[in-house]
Amino acid sequence: MEEVDVEPSTTLIPSAGFHRKHLGFEWGPGDLLVYETNYKLQGPRSAGSPFVHIVRRDEDICSPILRKLFNESHLIFVGLQKIKEDIPSKNKKSQFVSISKNYRSVIRACMEELQQNAVSTQNGSLASQYGDQVSILLAIELIWNLCEVLFIDTAPAGSLLLHLLDWVRLHKSDVDARAREVLQSDSPAQHQSYWDVVISLVLQGRTDEARQVLSKQASLREESSSVFKSMDGLLQTMPIFNPTGTQTLTEFEVKWRHWHEECDRCLQENTFASNRHLETICKILVGDEDTLLEQKELLSTWYHFLVTRLLFTHPTIKPPDLHYYAQSSMNMFLGPRASPEPLDIILLSAFEFDLHQVIKDCSIALNNWWFVAHLTDLLDHCKLLQSHNLHFGSNLREFLVLEYASGLFTHHSLWQLAVDYFDHCPEFGRVYLELQIERVPLDTERKAIKVLRICEDRQMSEQVRSICKIMAKRALRNNRLGSALSWSIRAKDAAFATLISERFLQDYSNKGSFTDLDLLDNLGPAMLLSDRLTFLGKYREFHRLYGEKRFSEAARLLLSLMTAKIAPRSLWMTLLTDALPLLEQKEVIFSVDQTYELMSCLEELNSGTKDSNLTDQDEDIESTKTELLRLALARNLTMAIVKEGTIET
Amino acid sequence: MFVAKSIAADHKDLIHDVSYDFHGRRMATCSSDQSVKVWDKGDDGEWHCTASWKTHSGSVWRVTWAHPEFGQVLASCSFDRTAAVWEEIVGESNDKQRGQSHWIKRTTLVDSRTSVTDVKFAPKHMGLMLTTCSADGVVRIYEAPDVMNLSQWSLQHEISCKLSCSCISWNPSSSRAHPPMIAVGSDDSNVTYSGKVQIYEYNENTRKYAKAETLMTVTDPVHDIAFAPNLGRSFHVLAIATKDVRIFKLIPMRRESANSSGPTKFEVQVMAQFDSHNSQVWRVSWNITSTLLASSGDDGCVRLWKANYMDNWKCTGILRGDGSPVNGSGHAAALSAVGVPAAAQMVVGAASAGRKKAQLMPG
């Protein structure tokens, strides 16, 4: 089918285009930056328009009330996805209908709140904005309700009309208000809207209520009471199909035809000639089109006209026959000059059971994907898109859901809802999520952890790594070494962890103490990420053991750091110097073997190439240190030999 | 669409480029006034200029952010034949209080003999690599081997394109299925070399970039070029700004096992072509999910293009200057008038009287 060729809308950028220059742009999260520029790099230079404009789509996301709509419909959506495939179809249908009703009640709740706000606000433009949103939601609910009746509930002939009547009644609520007004007045029968109310009720098939209002009239006029009794009789005996009853459709049809003939006879016999209102009502009951059309103002919409017309001419209408009446009703009601609005076209497509057209036209007319995405998803679950022979059926659903969810992602808190929607798009959901979740600004650690958890749950390892790396880098820039280290560990970034460990060690040699002791003491197996990190952790452990006076353990650890080659050569001198206090204790801590090992380490260190960058002074210090160590080691050796050679008695 | 906000950029001359950082919280602008300004978005949603400094001795054409994994790093390129790399330094506490930050130059790349027309960072999975292209027809790829030391950059590759280059675009895909790929556009009016878009691919064996494809059907000067984000597709999508907007589909052809060396061969298809600008198109750019393409043309308009689920492309919006001059006070006169968003264009029954006739506005 042909796509309607729609002219795109133009948005004007203020204070730009005066010299007919070019417009530069840049995509942003949820917006577009636009600025005046000149791409022809030569040409007159001027101050130009020194503005950068931020252009947004008309996003309903900004509205706090609609946010409730998004939140609650998200819950319904997720619940819908979880419905198991293997439930028998009859039960499924009732489940789908109830889900559809849930969606609609969420829309109505939102509408009511918007309406209240529109009434109570002082701000004129805000009130009109609310008003606009209310009418959009009204239209949405109207369409959704019709789709529910026709596509999800799939009422057969007989019930179909009843559902359509409910639909019309729900969306023409001013009748109740007027009826109340009339009944509560001092003299209902004299009220100027009296007959309007009666006729409106009849048009909606609410015969009992019509009779109730009529009775107010009857009690006044004794002489014409017989006329009213006749009308009352007609109204009372109007057959209404009962789907749960035992009467078949055929039986109902016969009964209805009898009643219809009865009404016709009353007309022929001029029973109601004395009262033009009753005459009008009788003509309505007979389904006279001209009379119905005269009630345009009370009907107010062509679809009300359609349903009323069907009520009084074809109450047993079958779904496939609906479209013929719909088209002709619309033409009759609107007349030759008026052209249908988008809403009218959408409703007509629904009556024609053209789902695809409904969805397409809704997508075009609305600027938020919420409605089409959720409705299409529901219809897809009812397996309706496939049965309409759209080979791109499920792609259509996914396309719309992806569009909706992508829009949510630009919002600072609603993006979390979007994740669930992406999860339920089997083809592209994951890759869309990967692309967009990386862009969520990591304002706080808490937010970063929230984003991380989402990625970790879905095994998005590259995104996890990237986010952790960004956080680590940021922490490092701000000199928060502990935070940088824990982020690097989480990123499993060995190179960065090494770098940060070096910084820790640098800090230690500058200040003489470690920072972030909590972190270093509790590294656990994460220590193994990088050699330098392992060394850092163990080195810190050495200091801790020393502080707790567990000297022999400390000694063993220190030695192992050198012999197991965990410590980098550059730090051996530091380690050996750390060994000095242990060597100079009264008690012998290093055993003979250990002392030999320390000595060999020292010699190994000295046999290596000298660092040519050392100044003479530094070289002096180094050689003094070495001498001190040799002395201390020798002394320790003698004491250790003696100790080990002594037999304890 | 509506103008939500207008920021007075305060440059003393034309702005040539604006660039958002990866998270959309910072913005850099560059201008013919030879300076770059950095703007930060506060918690209140307002933009504040946190740095402004002279970067070059000529007009600055482009400015771009590196991926935040590498820290806060900017690159700029200029008419003065150089490109430069800048890093933000965490300032003193009183700077922070004043809301100012400092950027220092880490390196200047002076290899080009002519104006440097574009500068782009390569996708992050390739490391910290910077690419420039110049009017001298050379694309230069630099790498910083030590990401902690941004003053050391080495020129890894020089690709001679034989035509004056105006724009470059890296294929952002990090899939192992194909090697790194860069597209180069030329605005040369030379008719001998007719294909104005060249695509180069990295070869693991030779460790060099080799030409994989020339789009021979693009014969007019090309002003901008942009690969679309990949989204797990097996083919590549490339948008081109030339005398019209063109979108190409590049489908890698399966290699015969014998000929596994050499660049990939592509089947090139035109996905869409739009001449609505009716004039030269200067810039094209994709949004993050590659669902929307924006283009800017000589007609002074920015147009947005979108494909529906059947891959039919349509224009879904136009931005145009309203032709009004900036008034003396320096504030956009129409700010308040355009501040209120237009509601969706659907109307209900009788209530439509007096309201705008429903504009069919695609979402």
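Contact here means heavy atoms within 4.5 Å. The structure shown is a predicted model.

View 1. Among contacts in chain B with a separation of 6 or more, 44% join residues 24 or more positions apart. The secondary structure of chain B consists of one helix and 25 strands. Chain B has 363 residues, and 58% of them count as buried. Its accessible surface comes to about 14900 Å², with carbon and sulfur atoms contributing 48% of that area.

**View 2. Ile168(B) in strand β14 of chain B.** The strand covers residues 165-170. Ile168(B) counts as buried because its relative accessibility is 0%, and buried means under 20% relative accessible area. With neighbours within four places in sequence set aside, the residues in contact with Ile168(B) include Val139(B), Ile182(B), Ala183(B), Val184(B) and Ile225(B). Asp118(B), Lys120(B), Thr131(B), Thr132(B) and Cys133(B) are also among the contacts of Ile168(B).

**View 3. Ile168(B) and Phe227(B).** These two residues are 59 residues apart along the chain. A distance of 9.5 Å separates the C-alpha atom of Ile168(B) from that of Phe227(B).

**View 4. A patch of negative charge on the surface of chain A.** The patch brings together Asp616(A), Asp618(A), Glu619(A) and Asp620(A). One of these residues, Asp618(A), belongs to helix α31 of chain A, which spans residues 616-645. Asp618(A) has a relative accessible area of 31% and is therefore partly exposed.

How values were computed:
Residues numbered from 1 in each chain as written. Chains lettered and ligands numbered in written order. Predicted model: local features only at pLDDT ≥ 70, side-chain atom pairs only at ≥ 80, totals over all residues. Heavy atoms only, no water. Patch = residues over 30% accessible without salt bridge, like charges linked within 9 Å, V, L, I, M, F, W, Y side chains within 5 Å. Areas by Shrake-Rupley, 256 points an atom, 1.4 Å probe, with all protein chains shown as cover. Salt bridge = Lys/Arg side-chain N within 4 Å of Asp/Glu carboxyl O. Lys, Arg positive; Asp, Glu negative; His and termini not counted. Charge placed at Lys NZ, Arg CZ, Asp CG, Glu CD. Helix = DSSP H or I, 4+ residues; strand = E, 2+ residues; numbered from the N terminus. Buried < 20%, exposed > 50% of the residue type's maximum accessible area, 1.4 Å probe, protein only.
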